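Open the model in your viewer and keep the sequence panel beside it. Each stop below tells you what to select and what to look for there.

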Amino acid sequence: MRLPKPSTTNMGFFFTSRFVLINIIVIFQCFSLLSFAQDFDFFYFVQSWPGSYCDTGRSCCYPKTGKPSGDFKIHGLWPNYNDGTYPSNCDSSNPFDRTQISDLVSSMEKNWPSLACPSSDNTKFWSHEWNKHGTCSESVLDQHSYFETTLNLKQQANILQALQTAGINPDGSYYSLDKIKSAIEEGIKLSPGISCNVDESGNSQLYEIYLCVDSSASNFIDCPIFPNSNCASSLEFPKF
């Protein structure tokens, strides 16, 4: 008994439908990945005190350009969600490229240095910040804009000046956590999140200051949520 030959019309419909379905799946996956990568509620803008980074058991190494100035330094600009979670490593197809920020390098060496060992030219640090955090802001900031915007934010939020105006100086003295918060609030008109680390003797040190920026990276805002504080009620502000 002869089997009927497959209809060319049916076969054409089958392959056409399969092709359309595959394309729909691919498009949906790409859209889902893009939506995930670009969906966030606000940025944390984080500055670190270099004296506290270095005054720990791990110590530190100055970058190849030499010892940074005694001021708060940029740690990063990090997309976040209102529930405290955050996206990361959103676009592996767009890795850090130092040539894209060549005009910013001088300012970044001053304001965004790496203190990790061994001594470096900062490229590894900046690459980490872009690849982990910056790629998740691509809906509003390309690679150059990400670093330029972060540098501009630092100029608008002078943490050290606010503290020193209130008599809080990086001289190894101890200050109350409440006084430090109040000084920053008075100086830059924003309520900060504060994180601490400990020196080799176990003393709690003022380490990082968290401020919040809207999702367009245009304006400082009141933080929807702060990271959990690990600070004692009295903090050392070490020399650098």
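**Before you start**

This is a predicted model, in which local features need pLDDT of at least 70, side-chain atom pairs count only at pLDDT 80 or more, and totals for chains, interfaces and linings use all residues. Residues are numbered from 1 along each chain as its sequence is written, and side-chain values use heavy atoms, with hydrogens and water left out.

**Stop 1: the whole chain**

Show the chain as a cartoon. It has seven helices and seven strands; helices (H or I, at least four residues) and strands (E, at least two) are DSSP runs, numbered from the N terminus. Starting at the N terminus, the order is α-β-α-β-α-α-α-α-β-α-β-β-β-β.

Of the 240 residues, 42% count as buried. Buried means under 20% relative accessible area, exposed over 50%, and partly exposed in between, with a 1.4 Å probe and protein chains only. Now look at contacts, meaning heavy atoms within 4.5 Å. Among those between residues at least 6 apart in sequence, 75% join residues at least 24 apart.

**Stop 2: the largest pocket**

Select Y53, S114, L115, A116 and F125. Of the 20 residues that line the largest pocket, these are the closest to its centre. On a 1 Å grid over the protein atoms alone, a pocket is an open set of points where a 1.4 Å probe fits, with protein on both sides within 12 Å along at least five of seven lines; lining residues have an atom within 4 Å of a point. The space in the largest pocket is about 440 Å³, where a volume is the space filled by probe spheres set on the points, and grid points are joined across faces, edges and corners.

Colour α2 (50-54), β2 (73-80), α4 (123-132) and β5 (204-214): each supplies at least two residues of this lining.

**Stop 3: the second largest pocket**

Select Y44, W78, N80, Y86 and Y210, which lie nearest the centre of the second largest pocket among its 16 lining residues. The volume here is about 270 Å³. Which element gives the most to this lining? It is β2, with four residues.

**Stop 4: Q47**

Select Q47 in strand β1 (residues 42-48). Is Q47 buried or exposed? Q47 counts as buried because its relative accessibility is 1%. Its side chain reaches the backbone oxygen of A157 at 3.2 Å. Not counting residues up to four places away in sequence, Q47 touches several residues, including F72, I74, A157 and Y207.

**Stop 5: the loop between α3 and α4**

Move to P113, in the loop between α3 (105-111) and α4. P113 has 7% relative accessibility, so it counts as buried. Select K67 as well: K67 and P113 are 46 residues apart in sequence and 9.5 Å apart in space, C-alpha to C-alpha.

P118 also lies in the loop between α3 and α4. A cis peptide bond joins C117 and P118, with omega about 0°.

**Stop 6: two positive phi values**

Most residues other than glycine have a negative phi, and most peptide bonds are trans. Select N89, in the loop between β2 and α3. Phi of N89 is near 50°, a positive value in a residue other than glycine. N89 is exposed, with a relative accessible area of 52%.

Finish at A217, in the loop between β5 and β6 (220-221). A217 is not a glycine, yet its phi is positive, about 60°. At 9% relative accessibility, A217 counts as buried.

How values were computed:
A polar contact is a pair of N or O atoms within 3.5 Å; within protein, one must be able to donate a hydrogen and the other to accept it, and residues adjacent in sequence count only if both atoms are side-chain atoms.
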